[in-house]
Amino acid sequence: MKRIAIDHARSVSPAITALALATLAFVLLPLPFIVLYALSMNNYTLFSAHGFTLQWFQRFF
Amino acid sequence: MRRATFLLALPALLVLALFVVVLASFASVSLMVVDPGSAVFHGPPTLVNYGKLLVSEGAWRAVLTTLRLSSEITVLTVLFGYPLARVLARSHSRTLRRVILFCLVATFLSGGVTRAYAWLIILGNQGLINQGLRAVGLPRAALINNEFAVVVSVLNFVLPFFVLTLFSALRTIPETLEHAARNLGASRWRSFVTVTLPLSLPGLAAATSLCFALSLGAFLFPQMLGGGRVQVLATAIYDHIQASYDVPSAAALAVLFFLLVLLMLAVVGGIRRLVAVRFAGEAA
């Protein structure tokens, strides 16, 4: 009788895991920008890596 | 015994009554008429607002746009959310499960408005993607003030709800059933299609219904990322109140919206029963 070896340690395929992690990255995508924008010198909702400031926190506290 | 049952059900009935009273009071406004040139509305009860809605091209367009976008978002949520829920439920790495769970819960703490602003920074005309395109010499892409931006942002919002709802259902399915299928020669895909998927259908239906209802009622993301060009039912109701001061028409639209949600949930429930009968038939 043919014996079938099954790898039970890996019940989710690597492709599904990769897709799941990509989905998780998409879910998390806005969060770093919230932090980045809180430290940005911009007054407008545009992406800029020029200059960081704590002025928004100073104004708040 | 009957008295004890009533007393136990009383808190739930009170909460339910609160919802019904609020909805009924707003629905009653839909039977009034507004004075021309003012925001004052009065009786006697009439169906004139419903008559206006039935012949309003804008209202039907909003209904169709809402249904189309909600369907697209729900399909995408199932396609991308199911693998994540499965990894969360089945991965043997405790660290990975904890990281995923933490990340999903963390998104709830960020709030909708802040996430909408974050999407403005990512998708905006001067946003991350467009600056990247410009840096490599490509033309600017229209990623905002359109349906694409609404679908992406609402999808991002509803995915954690879907994944966490489906995850709790997948956790109740014994992993040994999949192992038995694999030991009997089924491939990973076949064991998923014939064992896991049918058993997860009730949870999948619940998660799908939740996401569809959330997508139908989405207001913030269509308002902020649609730029006034994507008119869904929630934004149409808002415009009726804020732009026209026509609260009775907005109430009529809200009643239509409520009936639509009930109808769609009934359709989803019907599909769920049909699929369950099909899989039960195959199993027999």
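In this predicted model, the crossing of α3(B) and α4(B) is left-handed. The axes of helix α3 (residues 57–90) of chain B and helix α4 (residues 94–110) of chain B come within 8 Å and cross at roughly 130 degrees, which makes α3(B) oblique to α4(B).

**Where α3(B) meets α4(B)**

- On the side of α3(B), the contact is made by Leu84(B), Val87(B) and Leu88(B), while α4(B) contributes Leu96(B), Arg97(B), Ile100(B), Leu101(B) and Leu104(B).
- Sorted by class, the residues of this contact between α3(B) and α4(B) are seven nonpolar, no polar and one charged.

**Where α2(A) meets α5(B)**

- Helix α2 (residues 30–38) of chain A and α5(B) have axes that come within 8 Å and cross at roughly 90 degrees, and since angles of 65 to 115 degrees count as roughly perpendicular, α2(A) and α5(B) are therefore described as roughly perpendicular to each other.
- The residues that make this contact are Pro30(A), Phe33(A), Ile34(A) and Tyr37(A) from α2(A), together with Thr114(B), Arg115(B), Ala118(B), Trp119(B), Ile121(B) and Ile122(B) from α5(B).
- By class, the contact of α2(A) with α5(B) has eight nonpolar, one polar and one charged residues.

**The nonpolar cores**

- The largest nonpolar core has 49 residues, and of these Leu104(B) and Leu166(B) touch the most other members.
- Two or more residues of this core come from each of α1 (14–28) of chain A and, in chain B, α3, α4, α5 (112–123), α7 (147–170), α9 (188–216) and α10 (220–225).
- The element that gives the most to this core is α7(B), with 13 residues.
- If its neighbours within four places in sequence are left aside, Leu166(B) is in contact with Tyr82(B), Ala85(B), Ser200(B), Gly203(B), Leu204(B) and Ala207(B).
- Another core, which lies apart from the largest one, has 17 residues, among them Ala62(B), Ala250(B), Ala252(B) and Met264(B).

**Chain B as a whole**

- The secondary structure of chain B comes to twelve helices and two strands, and along the sequence these follow the pattern α-β-β-α-α-α-α-α-α-α-α-α-α-α.
- Taken along the principal axes, the C-alpha atoms of chain B fill a box of roughly 75 × 75 × 35 Å.
- Chain B has 284 residues, of which 39% are buried.
- Among the contacts in chain B with a separation of 6 or more, 69% are between residues 24 or more positions apart.

How values were computed. Residues numbered from 1 in each chain as written. Chains lettered and ligands numbered in written order. Predicted model: local features only at pLDDT ≥ 70, side-chain atom pairs only at ≥ 80, totals over all residues. Heavy atoms only, no water. Axes fitted to C-alpha atoms, helices over the stretch in contact; angles between N-to-C directions. Helix = DSSP H or I, 4+ residues; strand = E, 2+ residues; numbered from the N terminus. Parallel < 35°, antiparallel > 145°, perpendicular 65-115°, else oblique. Left-handed = near helix turned anticlockwise from the far one by under 90°. Contact = heavy atoms within 4.5 Å. Nonpolar A, V, L, I, M, F, W, Y, C, P; charged D, E, K, R; others polar. Core = buried A, V, L, I, M, F, W, Y, C linked by side-chain atoms within 4.5 Å. Buried < 20%, exposed > 50% of the residue type's maximum accessible area, 1.4 Å probe, protein only.
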